[in-house]
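Reader: I am new to this structure. Please walk me through its interfaces, one question at a time.

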Amino acid sequence: MRLTQGQFSFLPDLTDGEITKQVQYALDQGWAVAVEFTNDPHPRNSYWTMWGNPMFDLRDAKGVMMEIDACRAAHPDQYVKVLAFDSSHGFETVRMSYLINRPAEEPGFELLRAEGPGRRIGYTVRSYAAGRPPGERYGRETRHGT
Amino acid sequence: MSETADLLDPEASDRTSDRQLIDLDALYRESGIGGMLAGMDRELVGLVPVKTRIREIAALLLVERARRSIGLRAEPPSLHMCFTGNPGTGKTTVARRMAGLLHGLGYIRRDHVVSVTRDDLVGQYIGHTAPKTKEVLKRAMGGVLFIDEAYYLYRPENERDYGQEAIEILLQVMEDNRDDLVVILAGYRDRMEVFFRSNPGMASRIAHHVDFPDYEADELLEIARLLAAGMQYRLAPEAERAMADYILRRMVQPRFANARSIRNALDRARLRQANRLFEARSSAIGATDLLTIAEEDIRRSRVFTQ
């Protein structure tokens with residue numbers, strides 16, 4: 001199952017040229033661009049691992065692309081996303097967030113039902129991948145940095 | 001494509017009369033470098049050999065672009081440069097203008113200059129240098145990286161110096177990211193020569209060596225005039241003569257740093273002018289007094305008493 005999250009989730013995966021343009025847009029707005037990765041695909045997982053510090057002082061997208069390439073080379077079988085943080089007053093939040101890398105195989109999610117009193121049923125999802133320990137979730141995934 | 005192939009084929013050359021006419025002048029105008037070169041002539045005093053070299057480089061880049069526009073295959077030209085000259089001869093100023101020029105011609109994407117020295121590139125312990133250098137390179141991407149006093153990167157007296165690591169990363173990026181980054185090294189002539197002799201890899205990757213001559217006395221006076229005007233001051237006619245005297249005396253003294261010394265002299269003259277006005281605050285002063293630097297503001301300099 002192809003995971004979709006954040007911006008552009010309705011589009012095919014972005015090419016490097018498209019990512020460059022998006023990153024350049026964020027930098028032109030004065031937003032800090034960060035790269036993060038994870039192997040836990042749950043939609044409510046907000047604790048992704050940071051790949052280095054957010055980049056506050058870049059003018060050109062090439063610097064971010066170098067970090068993106070390094071992160072994808074180090075974690076080819078994990079999810080990688082790009083964030084753009086707007087520090088201006090009134091926003092102070094992430095303005096852009098999109099996936100730029102995904103594992104070759106994405107097992108998807110299991111729907112769990114919990115029966116309560118009086119025929120009440122609570123639903124939740126659990127990703128099949130997260131059932132295995134970090135390092136064994138997606139094929140040749142690297143062990144460090146879960 | 002076949003047309004350009006024909007151009008290169010001597011037998012076909014009479015078949016294809018030069019059908020594609022290229023308006024070099026239009027290219028020149030739309031790049032906006034005419035204005036930049038004129039501005040350089042107007043605002044930078046002296047430096048004739050430097051201006052000539054920059055004109056030559058600009059012409060080369062313009063023709064290169066015209067060649068590329070008709071599909072003639074050309075390796076992207078190597079644009080890394082080395083500016084040598086004594087302190088205060090305008091290396092940083094010219095580097096900033098160079099960035100504007102390269103940007104106008106479309107060889108770099110932004111017209112920013114990231115100016116660094118050894119401290120910004122070289123770390124203090126093992127494993128500190130590479131991230132530090134890469135951080136700087138990331139910041140400079142798309143523009144110009146200006147390394148002042150580049151010879152400090154290489155310390156021959158200490159074979160375990162981390163500078164060598166920074167140089168190697170720099171060389172790698174200068175080769176791999178030619179489209180993204182232009183590196184300009186700057187420093188004293190003799191020490192840069194030693195640096196290049198011990199780093200042949202660096203020497204061979206630098207295409208343009210530009211040498212900055214020292215200023216003549218009359219050029220320095222012209223600079224003083226321009227600097228004063230830039231700060232919205234005016235040198236009184238007598239003050240200008242005093243300045244000419246000052247320059248002649250200062251030039252033979254140790255630690256003379258060309259235009260930088262003149263800037264410092266002007267700053268001190270402003271200080272003395274302010275002091276003079278403050279001392280005489282009981283009488284009203286006009287706008288002319290506020291913007292005029294008088295003869296005594298300069299004559300009271302230490303240079304005249306020594």
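Author: Start with a definition: a salt bridge is a side-chain nitrogen of Lys or Arg within 4 Å of a carboxyl oxygen of Asp or Glu. Keep in mind that this is a predicted model.

Reader: Which residue forms a salt bridge with A:D60?

Author: The cut-off is 4 Å between nitrogen and oxygen. For A:D60 and its partner, the closest N and O atoms are 2.4 Å apart. The partner is B:R109.

Reader: How many salt bridges are counted between chain A and chain B?

Author: The side of chain A that touches chain B has three nonpolar, two polar and six charged residues. Six residue pairs are in polar contact between the chains, both residues at pLDDT 80 or more. The salt bridges number five.

Reader: Which element gives the largest share of the side of chain A that touches chain B?

Author: Two elements of chain A give two or more residues to that side: helix 1 (16–28) and helix 2 (61–74). The largest share is four residues, and the element supplying it is helix 2 of chain A.

Reader: What area do chain A and chain B bury between them?

Author: In contact are 11 residues of chain A and 10 residues of chain B. Of the buried area, 54% is on carbon and sulfur atoms. The total is about 980 Å².

Reader: How many salt bridges does the rule find between domain 1 and domain 2 of chain B?

Author: Domain 1 spans 2–212 and domain 2 spans 217–305. Two residue pairs are in polar contact across their interface, both residues at pLDDT 80 or more. For salt bridges there, the count is zero.

Notes. Residues numbered from 1 in each chain as written. Chains lettered and ligands numbered in written order. Predicted model: local features only at pLDDT ≥ 70, side-chain atom pairs only at ≥ 80, totals over all residues. Heavy atoms only, no water. Contact = heavy atoms within 4.5 Å. Buried area = accessible area lost by both parts, 1.4 Å probe. Polar contact = N/O pair within 3.5 Å; in protein donor to acceptor, adjacent residues only side chain to side chain. Nonpolar A, V, L, I, M, F, W, Y, C, P; charged D, E, K, R; others polar. Domains from an automatic or database assignment.
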